[in-house]
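The following paragraphs go through a protein model, from the overall fold to single residues. Please keep the sequence and the coordinates open while reading.

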Amino acid sequence: MIQIFIVLVKPKIIRKQELQNCNPKSDGSCELSCEVKPSVPQPNITWFYQPHICMNTSCSSNASAWQIPPADVGLFNFTPTRLEKDSYRSLFILSPHIRSGLFQCYAVNFLGDDKSIYPIIRPGMYRNVMT
């Protein structure tokens, strides 16, 4: 008789990120990446959005204001990409006209969840003015 053991693991985001400068690609969009450690079963990864003007690291979120990003804000892959060693990645492509805001990567399976908030600011969009 062969016994098979499956180890169940809740999702854990590999890198928690702080303020992120969004350096645009040639089409003006930029890419956010959320990578999750090996999880069994495979996690669902969803992105959420809050429109904010973020000028520095003091940009804070409102727990009740998260929303699924509308298509004009950007797009993400609903099925995460499986990477080496069974980790997973989801990409969010931020539209060129979005200048700043808060983005949240949320990974979940039936064992638990994890999230990471990405405050985004595009370089050169805002300048601090000394008075």
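Strands (E, at least two residues) and helices (H or I, at least four) are DSSP runs, numbered from the N terminus. The model is a predicted one, in which local features need pLDDT of at least 70, side-chain atom pairs count only at pLDDT 80 or more, and totals for chains, interfaces and linings use all residues. Residues are numbered from 1 along each chain as its sequence is written, and side-chain values use heavy atoms, with hydrogens and water left out.

Phe-110 is exposed because its relative accessible area is 63%; exposed means over 50%, buried under 20%, and partly exposed in between (1.4 Å probe, protein chains only). Leu-111 lies in the loop between S7 and S8 and is partly exposed, with a relative accessible area of 37%. Beyond its neighbours within four places in sequence, Leu-111 has contacts with Leu-8, Val-9, Lys-10 and Val-40, where contact means heavy atoms within 4.5 Å. From Leu-111 to Pro-43 the C-alpha separation is 9.6 Å, for residues 68 apart along the chain.

Phe-110 and Leu-111 also belong to a nonpolar surface patch of about 950 Å², together with Ile-2, Ile-4, Ile-6, Val-7, Leu-8, Val-9 and Val-40. Patches are made of residues with over 30% relative accessible area and no salt bridge; like charges are joined within 9 Å and nonpolar side chains (Val, Leu, Ile, Met, Phe, Trp, Tyr) within 5 Å. A salt bridge is a side-chain nitrogen of Lys or Arg within 4 Å of a carboxyl oxygen of Asp or Glu.

Now the chain as a whole. The protein chain has eight strands and zero helices. Of its 131 residues, 36% count as buried. Its accessible surface is about 8,400 Å², and carbon and sulfur atoms account for 55% of that; accessible areas come from the Shrake-Rupley method with a 1.4 Å probe, and for residues only the protein chains shown count as cover. Among contacts between residues at least 6 apart in sequence, 66% join residues at least 24 apart.

What lies in the interior? In soluble globular proteins, nonpolar side chains tend to be buried together. The largest nonpolar core here has 19 residues, and those with the most contacts inside it are Trp-47, Val-73, Phe-92, Leu-94, Phe-103, Cys-105 and Tyr-118. At least two residues of this core come from each of strand S2 (30–36), strand S3 (44–50), strand S6 (88–94), S7 and S8. S2 gives the most, with four residues. A nonpolar core is a set of buried Ala, Val, Leu, Ile, Met, Phe, Trp, Tyr and Cys residues joined through side-chain atoms within 4.5 Å.

A search of the whole structure finds one. Cys-34 and Cys-105 form this bond, with an S to S distance of 1.9 Å. Cys-34 is in strand S2 and Cys-105 in strand S7, 71 residues apart, and the pair links distant parts of the chain. The torsion about the S-S bond is about -80°, so the disulfide is left-handed. Both cysteines are buried.

The loop between S2 and S3 holds Pro-41. Val-40 and Pro-41 are joined by a cis peptide bond, with omega about 0°. The C-alpha of Pro-41 lies 9.5 Å from that of Val-108, and the two residues are 67 apart in sequence. Val-108 is in strand S7 and is partly exposed because its relative accessibility is 25%. Apart from neighbours within four places in sequence, Val-108 is in contact with Pro-11, Pro-43, Asn-44 and Asp-113.

Not counting residues up to four places away in sequence, Gln-50 touches Ser-61, Asn-62, Ala-65, Trp-66, Gly-101 and Leu-102. The C-alpha atoms of Gln-50 and Trp-66, 16 residues apart along the chain, are 5.6 Å from each other. Pro-51, in the loop between S3 and strand S4 (74–76), is exposed, with a relative accessible area of 51%. Between Pro-51 and Gly-101, 50 residues apart along the chain, the C-alpha separation is 4.7 Å.

Methods:
A disulfide is a pair of cysteine sulfur atoms within 2.5 Å.
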